[in-house]
Amino acid sequence: LDGPFDWDPIRLVAFDVDGTLYHQRPLRIRMALALGRHALLRGDVRTVRILQAYRAGREIMGETEVHDFETLLRAATADRLGLPVSTVAETVERWMDSNPLPHLKGCMRPGVATLFAAIRASGRRIGVLSDYPATAKIDAMGLAADHIVAAPDPEVGFLKPHPRGLE
């Protein structure tokens, strides 16, 4: 840029969540420890297998434009492991969506809350676009956004970088 950036026409500032608003590495370490503890105490390797298969499938789907990827991914994971789709869905929701929530605030990047407050004070709106469900994550970090959109939302259905979430 030559000279100062003109913020006047900017009405919305959009953020990714995972790895942007919080550090992923410390969260992954905490979750790996919790999952390891769960597996050891319960003798349950099925949860680990489900999460590994789900994440591997998600990586593959991230490279293609597959609509309604979440439904297809859960079904493919269930089929691959010979499990009911409901078991895969419950495991993914517990270990990828719910269990990380108490750890997010402690993994936030420094200054994020201040940045959100400054954006809001400037009269601009805040948007969030994530490949994962994000509303509970934003709440867990003590943040607020005007628009929260996630790839699995029915009106989106595509992983980033597909533009549907921004649209």
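Contact here means heavy atoms within 4.5 Å. Keep that in mind as you look through these close-ups of a predicted model.

**View 1. Helix α2 meets helix α4.** On the α2 side, the residues in contact are R46, T47, I50, L51, Y54 and R55, and they meet T87, V88, T91, V92, W95 and M96 of α4. The two axes lie 10 Å apart, and the helices pack at an angle of about 90°. That angle makes α2 roughly perpendicular to α4. Sorted by class, this contact has seven nonpolar, three polar and two charged residues.

**View 2. Helix α1 crosses helix α2.** Here you can follow α1 (residues 24-42) and α2 (residues 46-62), whose axes come within 10 Å and cross at roughly 140°. R28, L35, H38 and A39 come from α1, while α2 brings T47, V48, L51 and R55 to the contact. Four of the residues in the contact of α1 with α2 are nonpolar, two are polar and two are charged.

**View 3. An aromatic pair, F5 and W7.** The structure holds two aromatic pairs. In the one shown here, the ring centres of F5 and W7 are 5.1 Å apart and the planes stand at 75°, so the pair is edge-to-face. F5 is partly exposed, with a relative accessible area of 43%. W7 is partly exposed as well, at 46% relative accessibility.

**View 4. R58 over the ring of Y132.** Look for R58 lying over the face of Y132, at 3.9 Å from the ring centre.

Technical notes:
Residues numbered from 1 in each chain as written. Predicted model: local features only at pLDDT ≥ 70, side-chain atom pairs only at ≥ 80, totals over all residues. Heavy atoms only, no water. Phe/Tyr/Trp six-rings, centres within 6.5 Å; stacked < 30°, edge-to-face > 60°. Buried < 20%, exposed > 50% of the residue type's maximum accessible area, 1.4 Å probe, protein only. Lys NZ or Arg CZ within 6 Å of the ring centre and 35° of its normal. Axes fitted to C-alpha atoms, helices over the stretch in contact; angles between N-to-C directions. Helix = DSSP H or I, 4+ residues; strand = E, 2+ residues; numbered from the N terminus. Nonpolar A, V, L, I, M, F, W, Y, C, P; charged D, E, K, R; others polar. Parallel < 35°, antiparallel > 145°, perpendicular 65-115°, else oblique.
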